[in-house]
Amino acid sequence: LETLAVSDDPRAPRHSVGYLRQRALALRQLGRTDAARSSIERGLDLANETSQIAELPNLRLLEALLALDLGEFDRAQQLFDQATEQAGCTQESPCSLDLGDTGVLRAHWHSRAGDHDAALRTIGLAVDHTQWAAWMLDSPDLDATRQAEPAAWQDLVERLEARRRQALGQD
(Lines give C-alpha, C1' and ligand atoms only; values in the text may rest on other atoms or scores of the structure.)
Protein backbone atom coordinates (compact mmCIF):
# COMPACT_ATOMS: atom_id res chain seq x y z
CA LEU A 1 0.00 0.00 0.00
CA GLU A 2 2.85 2.37 0.81
CA THR A 3 4.44 1.63 -2.56
CA LEU A 4 1.19 2.44 -4.31
CA ALA A 5 0.86 5.66 -2.28
CA VAL A 6 4.08 7.09 -3.74
CA SER A 7 3.56 5.70 -7.23
CA ASP A 8 3.08 8.08 -10.13
CA ASP A 9 1.00 5.42 -11.91
CA PRO A 10 -2.48 6.91 -12.42
CA ARG A 11 -4.00 3.50 -11.55
CA ALA A 12 -2.39 3.47 -8.07
CA PRO A 13 -5.36 4.93 -6.14
CA ARG A 14 -7.73 2.37 -7.69
CA HIS A 15 -5.37 -0.46 -6.86
CA SER A 16 -4.91 0.85 -3.32
CA VAL A 17 -8.65 0.93 -2.67
CA GLY A 18 -9.05 -2.53 -4.18
CA TYR A 19 -6.20 -3.84 -2.02
CA LEU A 20 -7.83 -2.42 1.12
CA ARG A 21 -11.16 -4.04 0.18
CA GLN A 22 -9.54 -7.42 -0.42
CA ARG A 23 -7.55 -7.08 2.79
CA ALA A 24 -10.73 -6.31 4.74
CA LEU A 25 -12.43 -9.34 3.18
CA ALA A 26 -9.58 -11.62 4.24
CA LEU A 27 -9.43 -10.15 7.74
CA ARG A 28 -13.18 -10.59 8.15
CA GLN A 29 -12.90 -14.24 7.13
CA LEU A 30 -10.16 -14.65 9.74
CA GLY A 31 -12.40 -13.11 12.39
CA ARG A 32 -10.18 -10.05 12.81
CA THR A 33 -13.07 -7.62 12.86
CA ASP A 34 -11.23 -4.57 14.21
CA ALA A 35 -8.53 -4.84 11.55
CA ALA A 36 -11.16 -5.49 8.87
CA ARG A 37 -13.12 -2.41 9.94
CA SER A 38 -9.92 -0.34 9.86
CA SER A 39 -9.19 -1.47 6.28
CA ILE A 40 -12.74 -0.65 5.22
CA GLU A 41 -12.52 2.82 6.77
CA ARG A 42 -9.16 3.48 5.09
CA GLY A 43 -10.60 2.26 1.80
CA LEU A 44 -13.65 4.52 2.12
CA ASP A 45 -11.45 7.51 2.93
CA LEU A 46 -9.12 6.82 0.01
CA ALA A 47 -12.01 6.16 -2.38
CA ASN A 48 -13.54 9.52 -1.46
CA GLU A 49 -10.20 11.36 -1.62
CA THR A 50 -9.34 9.98 -5.05
CA SER A 51 -12.84 9.97 -6.55
CA GLN A 52 -12.99 6.18 -6.79
CA ILE A 53 -16.74 6.30 -6.29
CA ALA A 54 -17.29 2.93 -7.98
CA GLU A 55 -15.61 1.27 -4.98
CA LEU A 56 -17.89 2.90 -2.39
CA PRO A 57 -20.80 0.43 -2.73
CA ASN A 58 -18.37 -2.52 -2.63
CA LEU A 59 -16.83 -1.27 0.60
CA ARG A 60 -20.25 -0.48 2.10
CA LEU A 61 -21.45 -4.02 1.31
CA LEU A 62 -18.43 -5.48 3.04
CA GLU A 63 -19.01 -3.11 5.96
CA ALA A 64 -22.64 -4.31 6.14
CA LEU A 65 -21.54 -7.95 6.36
CA LEU A 66 -19.05 -7.06 9.07
CA ALA A 67 -21.80 -5.27 11.03
CA LEU A 68 -23.96 -8.38 10.62
CA ASP A 69 -21.09 -10.50 11.99
CA LEU A 70 -20.98 -8.22 15.03
CA GLY A 71 -24.73 -8.44 15.66
CA GLU A 72 -25.32 -4.81 14.62
CA PHE A 73 -28.44 -5.69 12.63
CA ASP A 74 -29.96 -2.22 12.18
CA ARG A 75 -26.62 -0.73 11.16
CA ALA A 76 -26.00 -3.67 8.83
CA GLN A 77 -29.33 -3.10 7.07
CA GLN A 78 -28.64 0.63 6.72
CA LEU A 79 -25.21 -0.07 5.22
CA PHE A 80 -26.62 -2.71 2.85
CA ASP A 81 -29.35 -0.31 1.71
CA GLN A 82 -26.75 2.41 1.21
CA ALA A 83 -24.53 0.07 -0.84
CA THR A 84 -27.36 -1.05 -3.11
CA GLU A 85 -28.57 2.52 -3.57
CA GLN A 86 -25.05 3.76 -4.42
CA ALA A 87 -24.67 0.94 -6.96
CA GLY A 88 -28.10 1.55 -8.49
CA CYS A 89 -29.30 -1.98 -7.75
CA THR A 90 -32.85 -3.09 -8.41
CA GLN A 91 -34.39 -6.56 -8.36
CA GLU A 92 -35.00 -6.39 -12.10
CA SER A 93 -31.55 -5.22 -13.15
CA PRO A 94 -28.05 -6.33 -12.23
CA CYS A 95 -25.68 -3.73 -10.85
CA SER A 96 -21.98 -3.47 -10.01
CA LEU A 97 -22.60 -5.38 -6.77
CA ASP A 98 -23.62 -8.43 -8.81
CA LEU A 99 -20.22 -8.90 -10.45
CA GLY A 100 -17.21 -10.91 -9.38
CA ASP A 101 -16.44 -11.20 -5.68
CA THR A 102 -18.89 -8.48 -4.68
CA GLY A 103 -21.71 -10.48 -6.29
CA VAL A 104 -20.88 -13.31 -3.99
CA LEU A 105 -20.79 -10.94 -1.02
CA ARG A 106 -24.26 -9.72 -1.95
CA ALA A 107 -25.39 -13.36 -2.10
CA HIS A 108 -23.86 -13.83 1.37
CA TRP A 109 -26.06 -11.02 2.63
CA HIS A 110 -29.23 -12.50 1.12
CA SER A 111 -28.41 -15.99 2.39
CA ARG A 112 -27.81 -14.81 5.93
CA ALA A 113 -31.03 -12.79 5.77
CA GLY A 114 -32.94 -15.95 4.73
CA ASP A 115 -33.76 -14.69 1.23
CA HIS A 116 -32.53 -17.77 -0.60
CA ASP A 117 -34.13 -16.90 -3.95
CA ALA A 118 -32.25 -13.58 -4.01
CA ALA A 119 -29.06 -15.34 -2.88
CA LEU A 120 -29.31 -17.86 -5.71
CA ARG A 121 -30.19 -15.20 -8.30
CA THR A 122 -27.29 -13.00 -7.20
CA ILE A 123 -24.72 -15.78 -7.06
CA GLY A 124 -25.97 -16.96 -10.45
CA LEU A 125 -25.02 -13.58 -11.91
CA ALA A 126 -21.62 -13.86 -10.23
CA VAL A 127 -21.04 -17.40 -11.57
CA ASP A 128 -21.61 -16.14 -15.10
CA HIS A 129 -19.21 -13.22 -14.66
CA THR A 130 -15.62 -13.68 -15.79
CA GLN A 131 -14.12 -12.34 -12.54
CA TRP A 132 -15.89 -14.99 -10.48
CA ALA A 133 -13.81 -17.67 -8.79
CA ALA A 134 -14.96 -21.16 -7.72
CA TRP A 135 -13.69 -20.83 -4.15
CA MET A 136 -16.41 -18.26 -3.54
CA LEU A 137 -18.97 -21.08 -3.28
CA ASP A 138 -17.23 -22.38 -0.15
CA SER A 139 -18.15 -19.47 2.10
CA PRO A 140 -19.93 -20.36 5.33
CA ASP A 141 -22.12 -17.30 4.72
CA LEU A 142 -23.84 -19.37 2.00
CA ASP A 143 -24.52 -22.46 4.13
CA ALA A 144 -28.16 -21.53 4.75
CA THR A 145 -28.92 -21.24 1.03
CA ARG A 146 -26.89 -24.34 0.15
CA GLN A 147 -28.98 -26.34 2.66
CA ALA A 148 -32.34 -24.67 1.93
CA GLU A 149 -32.13 -24.99 -1.86
CA PRO A 150 -30.02 -28.08 -2.72
CA ALA A 151 -31.38 -28.53 -6.26
CA ALA A 152 -30.80 -24.89 -7.20
CA TRP A 153 -27.37 -25.06 -5.57
CA GLN A 154 -26.51 -28.11 -7.68
CA ASP A 155 -27.53 -26.15 -10.79
CA LEU A 156 -24.98 -23.46 -9.85
CA VAL A 157 -22.28 -26.09 -9.38
CA GLU A 158 -23.10 -27.56 -12.80
CA ARG A 159 -22.97 -24.11 -14.43
CA LEU A 160 -19.58 -23.58 -12.85
CA GLU A 161 -18.35 -26.93 -14.15
CA ALA A 162 -19.62 -26.09 -17.66
CA ARG A 163 -17.79 -22.76 -17.54
CA ARG A 164 -14.60 -24.51 -16.39
CA ARG A 165 -14.84 -27.04 -19.25
CA GLN A 166 -15.44 -24.24 -21.74
CA ALA A 167 -12.41 -22.30 -20.48
CA LEU A 168 -10.29 -25.43 -20.90
CA GLY A 169 -11.67 -26.06 -24.40
CA GLN A 170 -13.29 -29.33 -23.31
CA ASP A 171 -16.82 -28.47 -24.48
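A residue is called buried when its relative accessible area is under 20%, and exposed when that area is over 50%. These terms are applied here to a predicted model.

Helix H5 covers residues 73-87. At 1.5 Å a residue, its 15 residues should span 21 Å, and the end C-alpha atoms are 21 Å apart, which agrees. Within H5, the buried residues include Ala76, Leu79, Phe80, Ala83, Thr84 and Ala87. These residues lie on the same side of H5, because they cover an arc of only 130 degrees around the axis. An α-helix has 3.6 residues a turn, so residues three or four places apart point the same way. On the face of H5 turned away from the buried side are the exposed residues Asp74, Gln78 and Glu85. Just after H5, Gly88 adopts a positive phi of about 70 degrees.

The loop between helix H3 (33-49) and helix H4 (56-69) contains Ser51. Ser51 is not a glycine, yet its phi is positive, at about 60 degrees. With a relative accessibility of 57%, Ser51 counts as exposed. Ala54 is placed in the loop between H3 and H4 and is exposed, its relative accessible area being 59%. The C-alpha atoms of Ala54 and Gln86 are separated by 8.6 Å, although the two residues are 32 residues apart along the chain.

His116 belongs to helix H7, which comprises residues 116-128. Its relative accessible area is 16%, so His116 is buried. Apart from neighbours within four places in sequence, His116 is in contact with Ser111, Ala144, Thr145, Ala148 and Glu149.

Technical notes. Residues numbered from 1 in each chain as written. Predicted model: local features only at pLDDT ≥ 70, side-chain atom pairs only at ≥ 80, totals over all residues. Heavy atoms only, no water. Helix = DSSP H or I, 4+ residues; strand = E, 2+ residues; numbered from the N terminus. Buried < 20%, exposed > 50% of the residue type's maximum accessible area, 1.4 Å probe, protein only. Contact = heavy atoms within 4.5 Å. Expected span 1.5 Å × (residues − 1). Arc of directions from axis to C-beta.
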